[in-house]
Amino acid sequence: MVISRLKKWGLCTGLLVFFVATTAAAKTVTINNATVMEVKSYILANRELRHPNSTVSLIPNHGSAFQMGSSSYEMIVFKSTKKLRVGLFGEASVKTNRDTYFSISTPLNREGVEVSYFESTELYNPNKGKFDDQITSTDESEKIILNKIKLHFDGGYTNGYTLSREKGKKGYPIEKINPHSPAEKAGLKIGDVVVKINGQKVNFKKDINTFNISNNIGKKETETVTIITDSGLEKDIVIETAFWNPQTGMFE
């Protein structure tokens with residue numbers, strides 16, 4: 001039993017050190033209308049924030065919050081695996097570990113809850129001649145995930161449509177449009193196939209579990225959505241984002 005506890009302590013400490021060493025590079029968002037436990041519960045319940053078939057590891061505080069400048073500190077790790085082809089010609093397939101990290105903390109002498117996120121995958125390092133953990137999330141993918149959390153609690157400017165993660169023959173179909181949203185007012189419909197946003201081709205990145213494009217939820221902006229019409233031609237639809245209020249569930 002003592003050995004088991006020591007091993008568990010070592011694992012938790014190692015993950016915490018790894019997160020602290022990389023969190024400076026990770027994106028962070030401040031949530032104003034939620035507690036640490038409310039944000040933690042939302043992250044645990046929302047499967048869109050992590051890879052399918054992942055398991056959960058909850059990392060206890062271990063009394064390190066004050067040293068990290070926080071009055072409270074929670075850490076969640078979603079662990080999953082992925083297949084990786086290795087060799088000069090990809091002749092071998094190996095399973096590698098993939099971890100999604102969330103840090104939730106209350107900063108000392110400041111209001112709000114800070115949430116950080118990044119993803120790490122075991123990849124082959126040719127300089128070391130072995131597999132080691134490398135950051136695989138991008139600035140954009142981290143922004144998209146954190147925006148989802150921010151929108152849920154604080155609201156923000158958005159367009160009000162959701163794309164399917166399954167790509168069709170020509171693009172990604174719209175699977176949901178919120179009532180009275182900018183998307184509905186602009187004439188978008190469920191089933192419309194989106195190929196570009198603001199001239200950039202839309203692509204769902206399975207490795208990082210997010211789309212490659214997001215809007216700025218902090219301010220109103222204009223977005224040009226390119227869809228494929230029934231005749232196969234591209235058509236641009238201009239949308240002006242509006243503030244979505246999570247307290248009322250309405251666009252303002």
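**View 1. Confidence along the predicted chain, from helix α1 to strand β16.** In this predicted model, helix α1 (residues 2-22) has the lowest mean pLDDT among the elements of the chain, at 42. Strand β16 (residues 242-245) has the highest, at 97. For the chain, the mean pLDDT is 82. Residues at 70 or more make up 80% of the chain.

**View 2. The stretches with pLDDT under 50, residues 1-24 and residues 62-67.** Residues 1-24 stay under 50 throughout. The model gives them 27 contacts beyond four places in sequence. Residues 62-67 are also below 50. That stretch has eight contacts beyond near neighbours in sequence. Where pLDDT is low, predicted coordinates should not be read in detail.

**View 3. The hairpin of β14 and β15.** Strand β14 covers residues 222-228, and strand β15 covers residues 234-240. The two pair in the antiparallel sense, over seven bridges. Glu223 has Ile239 of β15 as its bridge partner. Five residues lie between the strands. Gly232 in this hairpin takes a positive phi near 90°.

**View 4. Buried residues of helix α2.** Helix α2 spans residues 36-45. Val36, Val39, Lys40, Tyr42 and Ile43 are buried. Seen down the axis of α2, the buried residues fall within an arc of 165°, so they line one face of the helix.

View 5. Of its 252 residues, 43% are buried. Among contacts with a separation of 6 or more, 57% join residues 24 or more positions apart. The chain exposes about 14,200 Å². Carbon and sulfur atoms supply 53% of that area.

Technical notes
Residues are numbered from 1 along each chain as its sequence is written. This is a predicted model: local features need pLDDT of at least 70, side-chain atom pairs count only at pLDDT 80 or more; totals for chains, interfaces and linings use all residues. Side-chain values use heavy atoms; hydrogens and water are left out. pLDDT is the predictor's confidence in each residue, from 0 to 100. Helices (H or I, at least four residues) and strands (E, at least two) are DSSP runs, numbered from the N terminus. Contact means heavy atoms within 4.5 Å. Two strands pair if DSSP finds at least two bridges between them. Buried means under 20% relative accessible area, exposed over 50%, partly exposed in between (1.4 Å probe, protein chains only). The arc is that of the directions from the helix axis to the C-beta atoms. Accessible areas come from the Shrake-Rupley method with a 1.4 Å probe; for residues, only the protein chains shown count as cover.
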